[in-house]
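Let's take a walk through a protein structure together.

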Amino acid sequence: MTPDAAWHAELAWLPDGVRADVLVEAAGGRLTAVTAGVPASAVPAGAARLAGLTLPGLANAHSHAFHRALRGATQSGRGTFWTWRDRMYEVAARLTPGSYRALATAVYAEMALAGITCVGEFHYLHHGPGGVPYGDPNEMGRALAEAAAEAGLRMTLLDTCYLSGGLSPAGEPVPLSRAQLRFGDGDAASWADRASALRPGPGTRIGAAIHSVRAVPPGQLGPVVEWARERGAPLHVHLSEQRAENEASLAAYGRTPAGVLHQADALGPFTTAVHATHLSAADIALLGRSATFACFCPTTEADLADGIGPARALAGAGSHLTVGSDSQAVIDLFEEARRIEQGERLVTQERGHFTAAELARAATADGHASLGWPDAGRLAPGALADLVTVALDTPRTAGAAAATALESVIFGATAADVRQVVAGGRQIVRDGRHLLVDDVPGALASAIRAVLA
């Protein structure tokens, strides 16, 4: 059990708005009391002072940890999503359980420095070269869970079913390429057998993922959906990231990807559609009516020239929005959140589609809920004791007023402005320094060099 702890926040974003002089108390890793308006003279001895704006821990709802090795390397020259994917496969081919654990530990430490306390890892790099299983068929997944623990994060390991290499012009599934053999289990039943051997831990929950309707044919969707439903586990899926995906799905199945998932009963409040960029009005209605989450990753979607998704339409239809760092082009959930609003502004040439509070909920409570942690993401008694304090005296945030502090953070702050991070009652970042991984830049550089050498 985590020792009793208390913090006194200069400002904190609570369910009813930003409040001043907030005493936050915790025991056993959970918040026991959150009281606004507590003067310094009444604060218990030993309570840590949190200068700035304190938020609930941030939830990174969509991550591919190993893509961090591509940052910068894929920004030179031109190319497409598909040429970027070829470079990504080259990195995937080089990873071993040991090198992946080292890289992921450093990446998750970078996330912690950015205020992230929980990550959803969309994991499909399952097997050894050529698709040969390791002695422990889940060795790569366990390496990721161990990496998150080393960095102090909670994780939902979204074990991904990935069976085919795409769809042919005639609409037939294409066999996995040599680079993709590491991702596949043969069929959905074999995927389910392997995934069933994964076990949750104190900071790890197990979910399922369908890579995409290109990679999992309709006849194979059922076992994945049933696996998740039987366990009450979250189910995530890449959806309509590229127009080419929609065209292939229509040619093969006569339906959009959203229509294919709807027919397979794969949509619903336990499901998250990642990207959801190129949707028809009927697709939006399907996702909204089923209360399917929609995870936007705007920095990746911009980096890969995917497009701008219909965030406001999805939210209006009934989907809760979340955010993710995806390809790790940057790791900054404030940037991801504000780009949802900015994307709407660019498309409509109008401002004011989402409030700062709505965007903050996407990065906190709704993100955690989509990952199977509904008890996180808010500063209220009973919630997991996750705190992120953002400085209000940096070049980006200086001059912030208490009344609009949340707006200053959501629309102006960056990951570099995070000063304190507490995850489950345990401080993992103090004064901008990671307490568990001593040299995060050095760990990243070393791990990336080892993978690319």
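Where does Ala305 lie? Look in the loop between α9 (298-303) and α10 (311-317), and you'll find Ala305 there. Before we go on, keep in mind that this is a predicted model.

What sort of phi does Ala305 have? The angle is near 60°, a positive value in a residue other than glycine. That's worth a second look because most residues other than glycine have a negative phi. Ala305 has a relative accessibility of 64%, so it counts as exposed, the cut-off for that being over 50%.

Now jump to another residue with a positive phi. His275 isn't a glycine either, and its phi is about 85°. You'll find His275 in strand β10, which covers residues 271-275. Is His275 buried or exposed? His275 is buried, because its relative accessible area is 0% and buried means under 20%.

Next, let's look for charged partners. How many salt bridges does a search of the whole structure find? The search turns up 20 of them. Start with Asp375 and Arg30, whose closest N and O atoms are 2.8 Å apart. Asp375 has a relative accessible area of 15%, so it counts as buried. Arg30, at 31% relative accessibility, is partly exposed.

Another salt bridge brings the side chains of Glu110 and Arg68 together, at 2.9 Å from N to O. Here, too, distant parts of the chain are linked: Glu110 is in helix α2 (residues 97-113), Arg68 is in the loop between β5 (58-63) and α1, and 42 residues separate them. Both Glu110 and Arg68 are buried. Then there's Asp185, which forms a salt bridge with Arg194, again with 2.9 Å between the closest N and O atoms. Asp185 and Arg194 are both buried as well. Salt bridges can also share partners, and in this way Arg30, Arg205 and Asp375 are joined into one network.

How much space lies in the largest pocket? It holds about 540 Å³. Its lining is made of 25 residues, and Leu153, Arg154, Pro202, Gly203 and Thr204 lie nearest its centre. Four elements, namely α3 (139-151), β7 (154-161), β8 (204-210) and β15 (426-430), each give two or more residues to that lining. Which one gives the largest share? That's α3, with four residues. Sort the pocket lining by class and you get 11 nonpolar, nine polar and five charged residues.

The largest cavity has a volume of about 200 Å³. It is lined by 18 residues, with Phe81, Trp84, His211, His238 and Glu241 closest to its centre. Helix α1 (residues 81-94) gives the largest share of this lining, five residues. In terms of class, the cavity lining has seven nonpolar, six polar and five charged residues.

Ile308, Leu346 and Val347 make a nonpolar patch of about 310 Å². Val347 is part of helix α11, residues 333-348. With 54% relative accessibility, Val347 counts as exposed.

Leu53 lies in strand β4 (residues 48-56), and it is buried, with a relative accessible area of 0%. Leu53 and Gly130 are 77 residues apart along the chain, and 49 Å separates their C-alpha atoms. Now pick out Asn138, in the loop between β6 (116-123) and α3. Asn138 has a relative accessible area of 3%, so it counts as buried. How far is Asn138 from Arg49 in space? From C-alpha to C-alpha the distance is 42 Å, with the two residues 89 apart in sequence.

Key
Residues numbered from 1 in each chain as written. Predicted model: local features only at pLDDT ≥ 70, side-chain atom pairs only at ≥ 80, totals over all residues. Heavy atoms only, no water. 1 Å grid on protein atoms, 1.4 Å probe; cavity = no way out; pocket = protein on both sides within 12 Å on 5 of 7 lines; lining within 4 Å. Points joined across faces, edges and corners; volume = space filled by probe spheres on them. Nonpolar A, V, L, I, M, F, W, Y, C, P; charged D, E, K, R; others polar. Patch = residues over 30% accessible without salt bridge, like charges linked within 9 Å, V, L, I, M, F, W, Y side chains within 5 Å. Areas by Shrake-Rupley, 256 points an atom, 1.4 Å probe, with all protein chains shown as cover. Salt bridge = Lys/Arg side-chain N within 4 Å of Asp/Glu carboxyl O. Buried < 20%, exposed > 50% of the residue type's maximum accessible area, 1.4 Å probe, protein only.
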